[in-house]
Amino acid sequence: MTMQLQSYIAGRWVGREAAQTLRSAINGQPVATTHAEAIDFAEAVHHARTVGVANLLKLDFQQRAAILKALAKYLNERKEQLYAVSAHTGATRADSWIDIEGGTGTLFAYASSGSNELPSGNVWHEGPALSLGKQGQFAGTHILVPRRGLAVHINAFNFPIWGLLEKFAPSFLAGMPCIGKPASATSYLTEAAMRLIAESGLLPEGALQLVIGSTGDLLDRLDGRDVVTFTGSADTAAKLRVHRNVIAKSIPFNAEADSLNCAILAPDAVPGSPEFDLFVKEVAREMTVKAGQKCTAIRRAIVPRAHLDAVAMALRERLAKVVVGDPAVDGVKMGALASADQQRDVAERVAALIEGGARPVFGASDGFAPRGEGVAEGAFFAPTLLLAERALHTPAVHELEAFGPVSTLMPYDDLDEAVALAAMGQGSLVGSLVTHDPAVAARVVPEVAALHGRILVLDRDAAPESTGHGSPLPMLKHGGPGRAGGGEELGGTRAVKHYLQRAALQGSPTMLSAVTGEYVRGAARIETEVHPFRRHFEELQIGESLLTHRRTVSEADIVNFGGISGDYFYMHFDAIAAKDTAFGQRIAHGYFVLSAAAGLFVSPAPGPVLANYGLDTLRFVKPVAIGDTIQARLTAKRKIDRMKVDAQGRGQGVVAWDVEVTNQAGDLVASYDILTLVAKKG
């Protein structure tokens, strides 16, 4: 039965009249139709700006992270529904796993990053605060706040689910409602995912809308609060980038475009070595996974001229074993391209590459026969390996991309030539260097990194755990310079910052503390009769502070600490040697000062503080000599409610404490943040 696709606009499904027919990539049979009804983008934008923004800002970073986790679980529990639909795109089960569970995995990753790294509230203090005046009462810092606009995400056809979710996750964390627009060819899979998302009821109303078909006048209705992202061809990215309203309103635009990614086989990776085999396996895999329809696929395989014949033979042997056809047939390892249009486009590009100077090494003439019923009407394309013998003088192979199971071998005579060939791609998402020689990696990577968004150095040591050349990871940036679009996505919480507005903030430390929700040194403190460690999480106020009693450091302290720690460094024990240093005398161990400060501010009885799990920003600012007297000030700096409970079901939050250790002259000798888990009262 043909699916009638609908857009999800302003909380309702839109579209009842059929328009474009979308066909199965396997057998050409109709799968779905887009809808003929025009979308009211004025309504969509208004809904996002009013309902969406308001609902998202009722939540804080931590609460939005929790929703992402719940949504990921919900979709995973229903993933088989999505796998069934994904089969029509020509994807194998393994291909669909990248898209479906890669998408939910990205939600999980952002839920974790948000929970671990983002504050409670909707102001992210980027810090550190800097003193701007001599008296310490004028300071400056940076904050990140929600833009209070919407994000328009325009996606390519190759990853209908991952493409939506990897952009939605950081936008949602940032408190920005989204309008997603998938490419029509595989939009039926995106729509299936959107129906599950809507049915879950987990997202606040207005957080996510879906456009099937044209974006119409959507971009004309945006303004400077908004963000536009795009994944797809470099040509389309260039057109969107210069859209009149995008330029006029200075709307941030992020592009992740197709690129001619390369893999370099280093001279040390000779035939018979583990690295040689890894290179062949990686190139063949990138040609056949998703039928080569990945923006990160290896399009240019750069190899030593001395090993060219061996590489070509090994790739021919491996590609000849790849069974192509309907993924429902046992033994099939590579499916179809996404559509007949894509099949025609790849064929035209391969013909142009051959006309431009490349020659076939392996392709349709080598026994290509897709398996399955009705596959003659499918969008299948043979794995195709080309060779450009004089790649430095064959511009077509560095300019034309056949977005399918196609790669070109390029021989080089020395590493300088290999680097030059890599650069001729004019900017790529990813490049791989296969070598077991650290000197080669140190020589090549800094040069090729200038034109690549990500570099994989692959050898026998990394291979067992490597995620491969073509796999963007949520915690690492995705994007590349030049032809690759000049954009940046993913990268953990780095991506969240793209959807927030950064502002410099100036004022007194007290005002900075009030705005950021984080204690800034020099701000007004709250001193009470109750030790801050006796406060439960809910009771503790930012700025609540304790000035401890004093302790004079003796020679016995240094000797005893050295005996316990085993640290007999000369600065602590050799008076003659220490006299010739900048300090002029023996000094206490820095870690003794740290330990002594803990002894000054700790409240030893059982209480709400459950555990100390780390230190941040530790600096030993000034030496502490024998006879110096130290004192500590402990101040509640930051509270984060991660909405977690311990094994006994007790709620807890994270508290960061600002610690200043001073000497008898009031000079700062040590400075750091201590991180604790603190129990809730309820």
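Reply: Helices (H or I, at least four residues) and strands (E, at least two) are DSSP runs, numbered from the N terminus. With that in mind, Thr493 has its place in helix α14, which covers residues 493-497. This is a predicted model, in which local features need pLDDT of at least 70 and side-chain atom pairs count only at pLDDT 80 or more, while totals for chains, interfaces and linings use all residues. Residues are numbered from 1 along each chain as its sequence is written, and side-chain values use heavy atoms, with hydrogens and water left out.

Thr493 counts as buried because its relative accessibility is 10%; buried means under 20% relative accessible area, exposed over 50%, and partly exposed in between (1.4 Å probe, protein chains only). Leaving aside neighbours within four places in sequence, Thr493 is in contact (heavy atoms within 4.5 Å) with Ser113, Glu117, Leu118 and Trp124. By contrast, the C-alpha atoms of Thr493 and Pro623, which are 130 residues apart along the chain, are separated by 37 Å.

A nonpolar core is a set of buried Ala, Val, Leu, Ile, Met, Phe, Trp, Tyr and Cys residues joined through side-chain atoms within 4.5 Å. The largest one has 56 residues, and Leu68, Leu107, Phe168 and Leu203 have the most contacts inside it. Among the elements that give two or more residues to this core are α14, α2 (61-77), α4 (93-117) and α5 (162-173), and the largest share, 8 residues, comes from α2. Leu203, not counting residues up to four places away in sequence, touches Ile67, Leu71, Phe168, Phe172, Ile197 and Leu208. A second, separate core of 38 residues includes Ile264, Leu353, Ala388 and Leu415.

Another helix, α9 (residues 274-288), has 15 residues and reaches 21 Å from its first C-alpha to its last, close to the 21 Å expected at 1.5 Å a residue, where the expected span is 1.5 Å times one less than the number of residues. Since 11 of the 15 residues of α9 are buried, this helix is largely enclosed by the rest of the structure; Phe276, Leu278 and Glu282 are among the buried ones. After α9 comes Lys290, whose phi is positive, near 55°.

The structure holds 36 salt bridges, each being a side-chain nitrogen of Lys or Arg within 4 Å of a carboxyl oxygen of Asp or Glu. In one of them the side chains of Arg521 and Glu660 meet at 3.8 Å, N to O, and this pair links distant parts of the chain, 139 residues apart, with Arg521 in the loop between α15 (509-516) and β24 (545-552) and Glu660 in strand β27 (residues 651-662). Arg521 is partly exposed at 29% relative accessible area, whereas Glu660 is buried at 18%.

Lys637 and Asp673 also meet in a salt bridge, at 2.8 Å from N to O; they sit in strands β26 and β28 respectively, 36 residues apart. In this pair Lys637 counts as buried at 14% relative accessibility, and Asp673 is buried with a relative accessible area of 4%. Elsewhere, Arg49, Asp223, Arg225 and Asp226 are linked in a network of salt bridges.
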